[in-house]
Amino acid sequence: MATQQLTQFQATLCASIAAAQEFSVLLVDERQHLTSTQREAINTALPQKEHLIQKLGTLQNSILAFCTASAIEPSYGALRSYLYRLGIPEAETILGYWTALKNTLIKNQALNKTNEAILKELMRRNQIKQSIITNLGRQSDTYSAPGQQRSRTVQGWVEQV
């Protein structure tokens, strides 16, 4: 295996770790914005989040290209046996990078699930508020004590309460 390919693979793993850690920080910031009263600040993070997603996708493609060129599966075990079989002296370092990347991605996945749950709860609350507002303006017939029909649209709903 060419030393240049191995060096490039290490650089790709390091760049992937850096991007994943940056994404981790961004997800924590996103959660803070979602749970604060000033949610408008979250819009500033969206372009950066999109950029990091694209960057991670490009780096992932580079890692997969290395695995394909080396005829191994993109897994820790396959990479470990491949590196040891070739007698690569930096095998432990490369495997450490692989593990660090995988752990960071798992952490990011958990952070993203948390943010998704917060978003779902916020949407549920907004739907409840919308239904309350919709029901307040709904035309419904009511009857007064003497049995006369009165409509809420004739008078404001506040006057009928």
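This report describes the fold, the helix packing, the nonpolar core and selected residues of a predicted model.

## Basis of the values

The model is predicted; local features need pLDDT of at least 70 and side-chain atom pairs count only at pLDDT 80 or more, while totals for chains, interfaces and linings use all residues. Residues are numbered from 1 along each chain as its sequence is written, and side-chain values use heavy atoms, with hydrogens and water left out.

## Overall fold

The protein has five helices and two strands, where helices (H or I, at least four residues) and strands (E, at least two) are DSSP runs numbered from the N terminus. The order of elements from the N terminus is α-α-α-α-β-β-α.

Of the 161 residues in the protein, 27% are buried. Buried means under 20% relative accessible area, exposed means over 50%, and partly exposed is in between (1.4 Å probe, protein chains only). Taking contacts (heavy atoms within 4.5 Å) between residues at least 6 apart in sequence, 60% join residues at least 24 apart.

## Packing of H1 and H2

Two packed helices are described by the angle between their axes and the distance between the axes. For helix H1 (residues 3-35) and helix H2 (residues 42-69), the angle is about 155° and the axes are 9 Å apart. Axes are lines fitted to C-alpha atoms, for helices over the stretch in contact, and angles run from 0 to 180 degrees between N-to-C directions. H1 and H2 are therefore roughly antiparallel to each other; angles under 35 degrees count as roughly parallel, over 145 as roughly antiparallel, 65 to 115 as roughly perpendicular and the rest as oblique.

The crossing of H1 with H2 is left-handed, a term for a near helix turned anticlockwise from the far one by less than a right angle (clockwise is right-handed). The residues of this contact comprise 18 nonpolar, six polar and four charged. Here Ala, Val, Leu, Ile, Met, Phe, Trp, Tyr, Cys and Pro count as nonpolar, Asp, Glu, Lys and Arg as charged, and the others, Gly among them, as polar.

## Nonpolar core

The largest nonpolar core contains 28 residues, and Phe9, Leu13, Ile63, Leu79, Leu83 and Ile94 have the most contacts inside it. Such a core is a set of buried Ala, Val, Leu, Ile, Met, Phe, Trp, Tyr and Cys residues joined through side-chain atoms within 4.5 Å. Two or more residues each come from H1, H2, helix H3 (76-86) and helix H4 (91-137). H1 gives the most, with nine residues.

Leaving aside neighbours within four places in sequence, Phe9 is in contact with Ile63, Phe66, Leu79, Ile94 and Trp98.

## Residues of H4

Ala91 lies in helix H4 and is buried, at 1% relative accessible area. Not counting residues up to four places away in sequence, Ala91 touches Leu83 and Tyr84.

Leu111 and Val25 are 86 residues apart in sequence and 9.8 Å apart, C-alpha to C-alpha. Lys107 is in H4 and is partly exposed, at 48%.

## A positive phi in a loop

Ala71 is in the loop between H2 and H3. Its phi is near 60°, a positive value in a residue other than glycine. Ala71 is exposed, with a relative accessible area of 71%.
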